[in-house]
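Here are my notes on the model you sent over.

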Amino acid sequence: MIIIFKPEASKEQIGQLCKQFEEQGLQIHASEGKHTQLIGLVGDTAAVDIDLVRANTIVADIKRVSEPYKKANRKFHPADTIVEAGGVKIGGGYFAVMAGPCSVESPEQITLVAEEVQKSGAHFLRGGAFKPRTSPYSFQGLRAEGLELLNLAKQKTGLPIVTEVMDTAHIPLFAEAGVDMMQVGARNMQNFEMLKELGRTNIPVLLKRGLSSTLEELLMSAEYIMAGGNEQVILCERGIRTFEPSMRNTLDISAIPMLKKQSHLPVVVDPSHAAGISWMVEPLALAAVAAGADGLMIEVHNDPARALSDGAQCLTPTQFDGLMGKVKRESNFFAGM
């Protein structure tokens, strides 16, 4: 339920009304725009007497929210949310690029790639320390050592780190390692116990859409994190599984404007995983910018042919530099300009 207040409503009057709702066991989500003040009521609102609330002299309107996600809902929070991680802002007019290898392989590799993507204008270093792989025989990442190597590259370049967390037990390790943003991969989008734990942290979360998940399911997963108290969530469209066999996945470009209509959270696009083919990364990235994405996540490797994971979808530093030149021209709100 959303309660919209009249312009003349004072903070004291709104606070008194909020206290009444809290005494009924409801959570309050306040939002203030240039010309509008409103609160969202989260919980069992069936017992709320709408007529009585509407009769209050400071109330302009009341709306019931039919969607099951509340905190992630734009109706509760009309203005775009800006998430800040490692000093970099995303959303609300700030565009950011996350770039780096699929997996951290060695000190030389991750440092070289970090330096190259930084030169081209990347804002974050992405790289997998823990890797979810379909085959148990595939490279699973360097794990804790990988986090150390990411930190080494961060010290040399100053780029904030975004890397994937796969297990609730790993969250304290990531926090101790100084990870700036924790990524929830597509396979873990509905790992609800992990989402709850991430909600108890103050570290921004990049939440990837599941391989066959609806947008509502993605937003409900974001709701788990936000309900725990962590409202620094970024949504990531990374392609969904369809019947088309010529690509790894099918990038759902339509998800970008739809998510931005439904939610106030920033939306980032990962064109590398979407198609799984390096030559498709550039056109898909530019399409995402044109559709209104708040950022991109690009896989970059200094030697894709020898990459230990997902080499087929990685750009070389030279190719990434060319793409960034086009992204900067196409985006009117590039954070690095």
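**Notes on the predicted model**

1. Let's start with Asp252. Leaving aside residues up to four places away in sequence, Asp252 touches Arg209, Glu237 and Ile240. Bear in mind throughout that this is a predicted model. Asp252 sits in the loop that runs between strand S12 (233-237) and helix H8 (255-262). Is Asp252 buried or exposed? Its relative accessibility is 16%, and buried means under 20%, so Asp252 counts as buried.

2. Now for the whole chain. The protein has 11 helices and 14 strands. Along the principal axes, the C-alpha trace spans about 70 × 40 × 40 Å.

3. A word on packing. Of the 337 residues, 54% count as buried. If you take the contacts between residues at least 6 apart in sequence, 69% of them join residues at least 24 apart.

4. Next, surface and charge. The accessible surface of the protein is about 14,800 Å², and carbon and sulfur atoms account for 51% of that.

5. Helix H10 (residues 278-290) is worth a look in your viewer. Which residues of H10 are buried? They are Met280, Val281, Leu284, Ala285, Ala288 and Val289. These residues cover an arc of only 165° around the axis, so they lie on the same side of H10.

6. What covers the buried residues of H10? The cover includes three helices you can pick out, H8, H9 (271-275) and H11 (317-330). Strands S13 (267-269) and S14 (295-299) are also part of that cover. Just after H10 comes Gly292, with a positive phi of about 105°.

7. Leu308 and Pro101 are 207 residues apart in sequence, yet their C-alpha atoms are 9.7 Å apart in space.

8. Asp310 is also placed in the loop between S14 and H11. Asp310 is partly exposed, with a relative accessible area of 22%. Its phi is positive, about 55°, although Asp310 is not a glycine. For context, most residues other than glycine have a negative phi.

9. Where does Arg143 lie? Arg143 is in the loop between strand S8 (124-126) and helix H4 (144-157). Arg143 is not a glycine either, but has a positive phi of about 60°. With a relative accessibility of 42%, Arg143 counts as partly exposed.

Terms used:
Residues numbered from 1 in each chain as written. Predicted model: local features only at pLDDT ≥ 70, side-chain atom pairs only at ≥ 80, totals over all residues. Heavy atoms only, no water. Helix = DSSP H or I, 4+ residues; strand = E, 2+ residues; numbered from the N terminus. Buried < 20%, exposed > 50% of the residue type's maximum accessible area, 1.4 Å probe, protein only. Contact = heavy atoms within 4.5 Å. Areas by Shrake-Rupley, 256 points an atom, 1.4 Å probe, with all protein chains shown as cover. Arc of directions from axis to C-beta.
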